Amino acid sequence: MKLYYAPGACSLSPHIVMRELGIPVELKKVNTKDKTIEGGGDYTKVNGRGYVPALELDNGQVLTEGPAIVQYLADQKPDAGLAPRAGSLERYRLQEWLNFLTSEVHKSFSPLFKPNTPEEYKKIAKENLAARFDWLEQQIAGKDYLTGKTFTVADAYLFVLLNWTKFQSIDLARWPNLAAFHARVGARPKVQEALQAEGLLKKAA
Ligand SMILES: N[C@@H](CCC(=O)N[C@@H](CS)C(=O)NCC(=O)O)C(=O)O
């Protein structure tokens, strides 16, 4: 399968999931500004909306939207436990998390990355994010991962979103449980591998 990605973007979440599952990943780097694919090609022909991630399946079909992609991947290797069984209440709980992350957290970050967003609006977006982080901070208290003791695809997504605080001068120290979660997930060997593959780790001197 081919994963279309941009370094450090939300596509890092399915990238982490593929490595956690041991699914071989062919990475295709996308320039989301001019919509070109590294090595040649027009990305809008892969995903007409021009954004990452997109997953090209072995049968040539293209699956888009991060929350759908990560569930598809988890269902390829159900025994790995990265998503509860489809149809179970636990699966809806996972979808509840994925929907919250995508609509309430991810999309609150998006204007911060756009050069044409007015500074006054960036301030409001950061306040909205802080309110979501306050709530998340309580939810994750005493837990290793969002749904409890085991790592799921929602944790990969939350890790990527928390990672963005570094680029937006948001100090995670204000939310110690979230900072601990970010460190815990960031230390997973497959997460380190994905960060390395996207060129996001500083090389050892
Ligand atoms: N609804 C999409 C949103 C994806 C998205 O926001 N992608 C961003 C990177 S995190 C992107 O590619 N932005 C470039 C653009 O929109 O042109 C999803 O959840 O997969």
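**View 1. Valine 52 and the ligand in a predicted model.** A backbone N or O atom of valine 52 lies 2.9 Å from a nitrogen atom of the ligand, a polar contact being a pair of N or O atoms within 3.5 Å. Taken alone, the ligand exposes 510 Å², of which the protein buries 78%, with accessible areas coming from the Shrake-Rupley method with a 1.4 Å probe. The model is predicted, and local features need pLDDT of at least 70, side-chain atom pairs count only at pLDDT 80 or more, and totals for chains, interfaces and linings use all residues.

View 2. An N or O atom in the side chain of glutamate 65 is 2.5 Å from a nitrogen atom of the ligand. Glutamate 65, found in the loop between β5 (62-64) and α2, has a positive phi of about 75 degrees although it is not a glycine. For histidine 106, a polar side-chain atom lies 3.2 Å from an oxygen atom of the ligand.

**View 3. The shell around the ligand.** The ligand is surrounded by 14 residues, the closest being Cys10, Lys35, Val52, Glu65 and Gly66, where a residue counts if one of its heavy atoms lies within 4 Å. By class, this shell has seven nonpolar, four polar and three charged residues. Its largest share, three residues, comes from α3.

**View 4. The largest pocket.** The space taken by the ligand is the largest pocket, a molecule being placed there if more than half of its atoms lie within 2 Å of the grid points. About 1000 Å³ of space lies in this pocket; on a 1 Å grid over the protein atoms alone, a pocket is an open set of points where a 1.4 Å probe fits, with protein on both sides within 12 Å along at least five of seven lines, and lining residues have an atom within 4 Å of a point. Of the 33 lining residues, Ala9, Thr32, Tyr51, Val52 and Phe113 are the closest to the centre of the largest pocket.

Notes: Residues numbered from 1 in each chain as written. Heavy atoms only, no water. Points joined across faces, edges and corners; volume = space filled by probe spheres on them. Polar contact = N/O pair within 3.5 Å; in protein donor to acceptor, adjacent residues only side chain to side chain. Helix = DSSP H or I, 4+ residues; strand = E, 2+ residues; numbered from the N terminus. Nonpolar A, V, L, I, M, F, W, Y, C, P; charged D, E, K, R; others polar.
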